[in-house]
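The entries follow the order in which I looked things up.

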Amino acid sequence: IATMNPHRVEFEQTMDALNYMMADQKLDQGLRMRIRQYIRASGHVRHLQRYNTTLEAISDALQGEVLSATTERLLVGIPYVSACTEVFRARLCRLLVPRLFAGREQVCIQEDGATAWIQ
């Protein structure tokens with residue numbers, strides 16, 4: 001029964017490993033709490049990242065339909081993107097990468113304006 005939800009098993013293993021590492025490294029309680037909060041909050045993003053790998057098992061056309069169905073609702077709220085063609089939005093969906101940032105992290109834009117990262 002424990003393996004019926006592989007995502008939950010992975011989460012528990014990750015938390016066990018983190019708890020061991022944090023105790024072994026004697027991290028302060030505040031940092032430990034922030035790490036645990038991040039891992040709990042990042043579960044959905046990790047699911048989405050794994051789904052991208054799973055989608056590779058189906059054809060490009062079906063991948064496009066799935067991505068359009070799952071991310072289209074995010075894109076239509078962006079005025080510039082909602083004015084674009086469905087084909088463009090489908091291609092854009094393929095480029096989206098799910099990310100999660102911890103609280104108080106600063107997002108910076110690279111000089112070329114094409115890349116963002118966290119400091």
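**Entry 1: Gln 63 and its surroundings**

Leaving aside neighbours within four places in sequence, I found Gln 63 in contact (heavy atoms within 4.5 Å) with Leu 55, Glu 56, Ile 58 and Arg 94. I noted that this is a predicted model, in which local features need pLDDT of at least 70 and side-chain atom pairs count only at pLDDT 80 or more, while totals for chains, interfaces and linings use all residues. Residues are numbered from 1 along each chain as its sequence is written, and side-chain values use heavy atoms, with hydrogens and water left out.

Gln 63 has its place in helix α4, and I recorded Gln 63 as buried, with a relative accessible area of 13%. For these classes, buried means under 20% relative accessible area, exposed means over 50%, and partly exposed lies in between, with a 1.4 Å probe and protein chains only.

**Entry 2: the chain as a whole**

I then looked up the elements of the chain and found 6 helices and 2 strands, running α-α-α-α-α-α-β-β from the N terminus on. Helices (H or I, at least four residues) and strands (E, at least two) are DSSP runs, numbered from the N terminus.

The chain has 119 residues, of which buried residues make up 21%. I looked up the accessible area, which comes from the Shrake-Rupley method with a 1.4 Å probe, and the chain exposes about 9200 Å², with carbon and sulfur atoms supplying 59% of it. Among contacts between residues at least 6 apart in sequence, 38% join residues at least 24 apart.

Two packed helices are described by the angle between their axes and the distance between the axes. The axes are lines fitted to C-alpha atoms, for helices over the stretch in contact, and the angles run from 0 to 180 degrees between N-to-C directions.

I found helix α4 (residues 60-75) and helix α6 (residues 86-95) packed at an angle of about 90°, with their axes 8 Å apart. That angle makes α4 roughly perpendicular to α6, given that angles under 35 degrees count as roughly parallel, over 145 as roughly antiparallel, 65 to 115 as roughly perpendicular and the rest as oblique. On the α4 side the meeting residues include Gln 63, Leu 67 and Thr 71, and on the α6 side they include Arg 89, Leu 92 and Arg 94. The residues of this contact of α4 with α6 divide into 6 nonpolar, 4 polar and 4 charged, where Ala, Val, Leu, Ile, Met, Phe, Trp, Tyr, Cys and Pro count as nonpolar, Asp, Glu, Lys and Arg as charged, and the others, Gly among them, as polar.

I also checked Ala 69, which has its place in helix α4 and counts as exposed at 55% relative accessibility. The C-alpha atoms of Ala 69 and Cys 93, 24 residues apart along the chain, are separated by 9.7 Å.

How do the axes of α1 and α2 cross? They come within 11 Å and cross at roughly 165°, which makes α1 roughly antiparallel to α2. Among the residues that meet are Phe 11, Leu 18 and Met 22 in α1, and Ile 35, Ile 39 and Arg 40 in α2. By class, I listed 7 nonpolar, 2 polar and 3 charged residues for the contact of α1 with α2.

Helix α2 (residues 29-41) and helix α3 (residues 43-55) pack at an angle of about 45°, with their axes 4 Å apart, and that makes α2 oblique to α3. Here Ile 39, Arg 40 and Ala 41 in α2 meet Gly 43, His 44 and Arg 46 in α3, and the contact divides into 2 nonpolar, 2 polar and 2 charged residues.

Ala 41, found in helix α2, counts as partly exposed at 47% relative accessibility. I noted that Ala 41 and Ala 102 are 61 residues apart in sequence and 9.0 Å apart in space, C-alpha to C-alpha.

**Entry 3: Lys 26**

Most residues other than glycine have a negative phi. Lys 26, however, has a positive phi of about 55° although it is not a glycine. I placed Lys 26 in the loop between α1 (6-24) and α2, and recorded Lys 26 as exposed, with a relative accessible area of 67%.
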